[in-house]
Amino acid sequence: GEPPLVRWVHMAGLDLTLMLALTVKYSLHPLGVEDVIEQCPTKIDRYGNHYFAAIEQLCLASAVDGSEPVRVHGRHVAVFCSGPPLFDTILTITEPDHDEKEDWPGGCTRDANGVGDAWVDRLRNRLMASHSRLRERRADFLMYQILDLSSDELVKVTRAYTTRLSVLDEQPHITPMGLPEEWLSEVQLAQLQLAVVARRLKGLRRLIGRVIEDADLAATLTGYVSDVRDHIDEAHEDAVYLAEKCRSILEASERAVERHHGYCRQKADDRLNMMVFVLTGATAIFAPVQFMAGVYGMNFAIDGTPTIPELNLQYGYYYFWTLVVTYLTVSTSLAVWLHKRFQAKQRAEAEQPTDTGNVSRASRPWMSRIMQLQQGRGSAASSPAVEAAGSPTVSPTVGGASDGSCCSASPVLPQLPSSVAGGAGCSNGIGTGAAQSVVSSTMRRWEVGHQDSFQVLRVPLLSEGQPRSS
């Protein structure tokens with residue numbers, strides 16, 4: 001009545017002689033044995049009365065706090081599990097991943113501490129724990145435990161990348177010389193490595209889907225395997241997001257470097273422009289002095305007597321320097337004052353917001369009047385109207401206006417059609433309701449054509465029976 005015992009045979013490293021002996025003893029399928037030797041990708045197959053599963057593991061070999069670049073070790077795990085009805089034997093073979101050197105960006109490091117086989121010790125601890133329910137299950141549940149441990153390793157790898165990228169993003173990595181080569185290469189390498197992690201997770205998710213589709217395995221493992229699939233889906237989404245984050249970090253850093261270089265170029269250009277300005281100003285200031293020195297330095301003389309009258313003055317030399325010093329003082333002071341005034345004007349223009357629309361409205365007296373009427377329309381006791389000295393008036397009343405002001409022209413509101421004007425109060429044509437609808441539609445069409453020029457004053461129309469203010 002007791003369930004049969006379950007045997008677990010584990011082989012650390014591939015020994016072909018021992019592998020051949022196990023093949024003969026447990027009647028392993030040749031295709032499965034070939035997949036073990038050639039290290040096939042992650043998959044699961046059923047050969048007769050036993051299952052074969054291959055898993056490409058990634059085991060974290062670096063610190064999880066993000067203090068160093070992420071390092072992993074690749075392992076290839078092959079599992080043979082006896083099928084129904086007994087599920088009494090499971091064989092596991094682990095060996096280093098031969099494709100890791102070519103498949104993993106940045107190359108691989110030698111697993112000298114046996115980090116890749118740490119899952120074997122954890123599985124053994126689960127079996128040896130007191131009151132362990134794992135010892136009450138069959139070999140298919142032990143295979144599920146191996147899948148669960150493999151998914152946990154991949155989840156740890158994605159979390160390590162999450163922490164490391166956060167550390168890299170917070171580091172001050174923008175220097176005057178650009179991005180540091182070490183920082184840039186690590187982010188680019190992490191982006192490529194995350195693509196490999198996402199591919200491994202996708203393969204493991206495909207394996208889990210095959211397990212759920214198998215009727216014999218799903219009979220007892222559906223709930224457990226679904227939980228593993230949820231963890232794999234979450235880790236796969238994290239890996240894709242982190243790869244996108246690497247790309248965003250690189251693009252943002254490159255844009256920041258470009259802005260910094262642009263700022264440096266602008267400062268250099270401003271410095272060069274200032275130097276040219278100073279040299280030009282100095283040249284312009286000293287040009288009259290050079291001219292006078294050139295004129296009075298000419299040696300025109302008759303019998304040794306200079307022909308330039310100023311050269312014969314007793315204090316001509318002192319007069320010359322007095323004029324030069326006075327000129328330099330006045331011209332330099334004037335140049336400094338003009339320069340400061342120009343800089344103050346530039347700062348004022350930079351700080352003052354530009355609003356061309358408001359300026360154009362303020363320059364129109366009649367538009368200012370309309371805006372004043374709009375602001376005081378709610379509190380006005382009398383009916384609103386647009387009045388201006390020497391300009392016609394538009395009355396807000398429609399229908400029954402005795403003064404005929406609704407037919408008058410206005411520089412603000414559009415000239416209404418004669419049919420509308422006649423029916424609105426100047427004759428007994430269209431009724432009040434129809435006139436209001438025609439006037440409203442006409443106003444809307446006119447507003448659409450003139451809304452870019454100025455704001456439209458909306459004049460309310462009185463309905464029938466509404467008292468008119470005097």
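Modeller: Beyond its neighbours within four places in sequence, isoleucine 249 contacts Leu165, Asp169 and Trp183; contact means heavy atoms within 4.5 Å. The model is predicted, so local features need pLDDT of at least 70, side-chain atom pairs count only at pLDDT 80 or more, and totals for chains, interfaces and linings use all residues. Residues are numbered from 1 along each chain as its sequence is written, and side-chain values use heavy atoms, with hydrogens and water left out.

Isoleucine 249 sits in helix α7. Helices are DSSP runs of H or I with at least four residues, strands are runs of E with at least two, and both are numbered from the N terminus. Isoleucine 249 has a relative accessible area of 7%, so this residue is buried. Buried means under 20% relative accessible area, exposed over 50%, and partly exposed in between (1.4 Å probe, protein chains only). Leucine 165 is 84 residues from isoleucine 249 along the chain, yet their C-alpha atoms are separated by 9.2 Å.

Glutamate 244 and arginine 247 form a salt bridge, with the closest N and O atoms 2.0 Å apart. A salt bridge is a side-chain nitrogen of Lys or Arg within 4 Å of a carboxyl oxygen of Asp or Glu. The two residues are three apart in helix α7, so about one helical turn separates them. Arginine 247 is partly exposed because its relative accessible area is 33%. Glutamate 244, at 36%, also counts as partly exposed.

Arginine 205 pairs with aspartate 233, the closest N and O atoms being 3.4 Å apart. Arginine 205 belongs to helix α6 and aspartate 233 to helix α7, so the pair links distant parts of the chain, 28 residues apart. Arginine 205 is partly exposed at 28% relative accessibility, and aspartate 233 is partly exposed at 22%.

Next, the surface. Asp227, Asp230, Glu234, Glu237 and Asp238 gather there in a patch of negative charge. Patch residues have over 30% relative accessible area and no salt bridge; like charges are joined within 9 Å, nonpolar side chains (Val, Leu, Ile, Met, Phe, Trp, Tyr) within 5 Å. Asp and Glu count as negative, Lys and Arg as positive, and His and the chain ends are not counted. Each charge is placed at NZ of Lys, CZ of Arg, CG of Asp or CD of Glu. Aspartate 230 lies in helix α7 (residues 215-296) and is partly exposed at 45% relative accessibility.

Notes. Accessible areas come from the Shrake-Rupley method with a 1.4 Å probe; for residues, only the protein chains shown count as cover.
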